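Please look through the sequence and the structure shown here before reading on. The report that follows takes up a few regions in turn and describes how their parts are arranged.

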There are 2 protein chains.
Amino acid sequence: MTRIPRIRLRKPYLILLGDEHDPINAKTGFGIVHWRRADVAGQLRAPGAAVDLGVPDLGIDAAADDGVGSLVVGVAPVGGAVPAAWWDVMMDAARAGLDIVAGLHTKLNDNPALVEVAGAHDVRLVDVRVPPRNLPVGTGKKRTGRRLLTVGTDCAIGKKYTALGIDSAFADAGIDSTFRATGQTGILIAGEGMPIDAVVADFIAGAAEVLSPDNEPGHWDVIEGQGSLFHPAYSGVSLGLLHGSQPDAFVVCHDATRECLSDWEHFALPSITECIALHERVARRTNPAACCVGIAVNTSTLPVRKRSAYLEALAAEHGVPAVDPLIDGCSDIVAYVRKTFG
Amino acid sequence: MTRIPRIRLRKPYLILLGDEHDPINAKTGFGIVHWRRADVAGQLRAPGAAVDLGVPDLGIDAAADDGVGSLVVGVAPVGGAVPAAWWDVMMDAARAGLDIVAGLHTKLNDNPALVEVAGAHDVRLVDVRVPPRNLPVGTGKKRTGRRLLTVGTDCAIGKKYTALGIDSAFADAGIDSTFRATGQTGILIAGEGMPIDAVVADFIAGAAEVLSPDNEPGHWDVIEGQGSLFHPAYSGVSLGLLHGSQPDAFVVCHDATRECLSDWEHFALPSITECIALHERVARRTNPAACCVGIAVNTSTLPVRKRSAYLEALAAEHGVPAVDPLIDGCSDIVAYVRKTFG
């Protein structure tokens, strides 16, 4: 069998935070700890760091002794440039036998000194924004197992969070499932995945097929959506991912009060009705049974007293559960999936 | 103003044919001569070559003296591997001051000896399958001038030929237009363009925007489509190209008797009705006025006596001209465009 071209990280992780003071910049680190606490051995902080992920502080030597697999950069460098001190830490970790993992704009593999040390100590430098080589083109052939894809009326509207929440709710319900990451933060959380928006255009659907291979009949892949079919810049990514994922079910992610696409303000957000209809129409090209199984809405900008009525009205209108995944979780969506798919 | 990231070739061309015997393998050379005879200074053939493009045979020194800009590989190497003799010819041409241009799987820029010679003689090695760097993401902002995109019910169904035919028919009608190439053969014919299916997924729409910039109000860009919205492997390319192109008008390319996608036989070809409807629906996201202005059908597999009735029925059903572009040309489509857009 040929090697599957997919990123996979070596666990557990030591999370590099540098001397970060702002929790917002450390959202990757917090995300990993929130969703995958068991994969995190500790955090590595420089003196004076104010951010705390709530996991043990751990040095590189201790981490190596404990069998840590990877040093994961869990913070975004302010201004984009990687501080010199980080490179020193990464060299030390590589010398200690840890893989180095990052989703930085600056590629680990573009630093010759780090590449040399990694080669000498037989560790990997994993840039999770870089897709694997030798991706195939899509086949469109039906795969075994079930698939659920989160889609959206816009970018940055909760598709990753919702997918993680649904995966977690499947686990709570005793149903086998796997979160399938398609963006850098998702890949760092899952420990594997496919940076779908960095794939060459001809291979988008093929990459999505590789990400979500044949599985057991009762197993659900919960696939992190990217972009939006309604987005003037990123719709191609979204359609390729949709066709390659062959979802049996999709969940529409939305924001209760957002009126225009973020950063593309000359485009109105589509309605949920439009969003469901277009996704059903195009998804059925590769899975004739594709249907909407839920609506996940960020309601944080609504007055608290209006939240319930808003979600109830949505659920009644579309005939599927409507939740705010941060507040309600996703168990209602999983219950609906069980009822629909058995 | 920043440099526009778009491939542009230096004309006129000397077309390299090697010792090719099979005209099918030389279809790029024939395409350039057919559509852009004025750009071709001559052909370069090895002794024993049976293929003849019907242009003067010309050596490299004579070509350099005549002011030829580029040596263009006009033939596909049998089996894919570039013969050693071709590399020798390319080195000689580079030493004589010609740019070297090819759409080969093997990249010119991956041959260190050729790269060195090209550097020493200040000529370019242009791999037309390699997209330019620094492409922007799409903005979705409306551009001036008119745009027509050819789309299809499948891949390899006449989108390039139809776009070239419409561009030519615009010229015949005295209307300013530019053929905008999105694939390697189209780029070699046009002398410029964007290999849209080789662009990184996040930049498909942005690349399409770059390809077809602001223009005069009465000018038409005629954009070569790629893939199909109904294709399980390539739909992402097609949607990104559609959204970035912002077409005022599109022409559906079809095959009269093809029943399944070529090489994806488990997918039925969509109907022309479905194809028009889905394109109108999604195209209107970036151009609310987008509409179908014609149907271009390969009727070569129909009995001759049935051709006219078939096309007339299509035209009547959809209310737009239906032509076989190889037999009828595209003047009916251009006449309809004039009537519709003034």
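## A sheet and its helices in chain B

In this predicted model, strand E14 of chain B, which spans residues 291–298, pairs with E15(B) in the parallel sense, and the pairing rests on 2 bridges. Within this pairing, B:Ile295 has B:Ala322 of E15(B) as its bridge partner. Helix H9 of chain B, residues 272–283, packs on the sheet and touches strand E7 (146–152), strand E11 (249–255) and E14 of chain B, while its direction makes about 150° with that of E11(B). Helix H12 of chain B, residues 331–341, also packs on the sheet, where it touches E7, strand E10 (220–223), E11, E14 and E15 of chain B, and its direction makes about 175° with that of E14(B).

The sheet as a whole is open and is formed by 6 strands of chain B with parallel pairing, in the order E8-E10-E7-E11-E14-E15. Its edges are strand E8 (177–180) and strand E15 (322–323) of chain B, each of which pairs on one side only.

Which residues have the most contacts inside the largest nonpolar core? They are A:Met90, A:Val293 and B:Val293, and the core has 234 residues.

| Strand of chain A | Residues | Bridges to E10(A) | Direction |
|---|---|---|---|
| E7 | 146–152 | 4 bridges | parallel |
| E8 | 177–180 | 4 bridges | parallel |

## An enclosed helix and the contact between chains

Why is helix H8 of chain A, residues 235–245, described as largely enclosed by the rest of the structure? The reason is that 11 of its 11 residues are buried; among them are A:Ser235, A:Leu239 and A:His243. The cover over these buried residues includes E7, helix H7 (204–211), E10 and helix H9 (272–283) of chain A, together with helix H7 (204–211) and helix H8 (235–245) of chain B. Just after H8(A), A:Gln246 takes a positive phi of about 50°.

Between the two chains, 39 residues of chain B are in contact with 39 residues of chain A. The area buried between them is about 3000 Å², and carbon and sulfur atoms give 55% of that area. On the chain B side, B:Asp202, B:Arg281 and B:Arg285 lose the most area to chain A, together 21% of what that side buries.

## A buried glutamate in a loop

A:Glu20 is found in the loop of chain A between strand E2 (13–18) and helix H1 (27–35). A:Glu20 counts as buried because its relative accessible area is 9%, which lies under the cut-off of 20%. The side chain of A:Glu20 reaches the backbone nitrogen of A:Asp22 at 3.0 Å. Leaving aside neighbours within four places in sequence, A:Glu20 is in contact with several residues, including A:Asn25, A:Ala49, A:Val51 and A:Val75. A:Glu20 and A:Ala46 are 26 residues apart in sequence, and their C-alpha atoms are 8.3 Å apart in space.

Note on methods: Residues numbered from 1 in each chain as written. Chains lettered and ligands numbered in written order. Predicted model: local features only at pLDDT ≥ 70, side-chain atom pairs only at ≥ 80, totals over all residues. Heavy atoms only, no water. Buried < 20%, exposed > 50% of the residue type's maximum accessible area, 1.4 Å probe, protein only. Contact = heavy atoms within 4.5 Å. Polar contact = N/O pair within 3.5 Å; in protein donor to acceptor, adjacent residues only side chain to side chain. Core = buried A, V, L, I, M, F, W, Y, C linked by side-chain atoms within 4.5 Å. Pairing = 2+ DSSP bridges. Axes fitted to C-alpha atoms, helices over the stretch in contact; angles between N-to-C directions. Buried area = accessible area lost by both parts, 1.4 Å probe.
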